[in-house]
Amino acid sequence: MIYFSRREKRLVSWEDDLDVAELPVSSRNIEMTEWLARLPQSQSDIVFKRFWLGMSSQEIGEQLGMPAATVRYKLQTAIKKLRKLWEEDMK
């Protein structure tokens with residue numbers, strides 16, 4: 001239970017770091033689409049399903065035919081990659 005709580009805090013902090021709340025909704029959607037395009041398709045798909053469609057890792061795993069733990073790992077990896085790309089762009 002603590003594991004999932006900590007993971008959720010990291011995911012939420014990633015969204016806060018990008019300051020997407022300050023952008024108008026249409027600009028935010030366009031910008032996030034551009035960011036997702038920088039990821040491999042498999043990672044982009046998982047991020048989209050988790051954050052836009054609100055699917056759980058279990059639901060995504062069932063849909064993609066992989067364990068929920070693998071989905072969470074790939075999601076974490078994608079977020080780290082997005083954070084790194086974002087930090088490089090901010091320099």
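Predicted model: local features only at pLDDT ≥ 70, side-chain atom pairs only at ≥ 80, totals over all residues.
Leaving aside neighbours within four places in sequence, Trp 35 is in contact with Leu 82, Leu 85, Trp 86 and Asp 89, where contact means heavy atoms within 4.5 Å. With a relative accessible area of 42%, Asp 89 is partly exposed; the cut-offs are under 20% for buried, over 50% for exposed and in between for partly exposed, using a 1.4 Å probe and protein chains only.

Residues are numbered from 1 along each chain as its sequence is written, and side-chain values use heavy atoms, with hydrogens and water left out.

The protein chain has five helices and zero strands, so its elements run α-α-α-α-α from the N terminus on, given that helices (H or I, at least four residues) and strands (E, at least two) are DSSP runs numbered from the N terminus. Of the 91 residues in the chain, 30% are buried. Among contacts between residues at least 6 apart in sequence, 59% join residues at least 24 apart.

The average pLDDT, the predictor's confidence in each residue from 0 to 100, is 76, and 67% of the residues score at least 70. Helix H4 has the highest mean, at 94, whereas helix H1 (residues 2-17) has the lowest, at 49. Over residues 12-25 pLDDT stays under 50, and the model has 17 contacts beyond four places in sequence for this stretch.

Along with Leu 39, Ile 46, Val 47, Ile 60 and Leu 75, Trp 35 has the most contacts inside the largest nonpolar core, which has 15 residues. Helices H2 (25-37), H3 (41-51) and H5 (68-90) each supply at least two residues of this core, and H5 gives the most, with seven. Such a core is a set of buried Ala, Val, Leu, Ile, Met, Phe, Trp, Tyr and Cys residues joined through side-chain atoms within 4.5 Å. In soluble globular proteins, nonpolar side chains tend to be buried together.

Phe 48, Trp 52 and Leu 53 make a nonpolar surface patch of about 290 Å²; patch residues have over 30% relative accessible area and no salt bridge, with like charges joined within 9 Å and nonpolar side chains (Val, Leu, Ile, Met, Phe, Trp, Tyr) within 5 Å. Trp 52 sits in the loop between H3 and helix H4 (57-64), and is partly exposed at 37%.

Finally, a search of the whole structure finds one salt bridge, defined as a side-chain nitrogen of Lys or Arg within 4 Å of a carboxyl oxygen of Asp or Glu. This salt bridge joins Asp 45 and Lys 49, with the closest N and O atoms 3.4 Å apart. Because Asp 45 and Lys 49 are four residues apart in helix H3, about one helical turn separates them. Asp 45 counts as partly exposed, at 22% relative accessibility, whereas Lys 49 counts as buried, at 11%.

Technical notes:
Areas by Shrake-Rupley, 256 points an atom, 1.4 Å probe, with all protein chains shown as cover.
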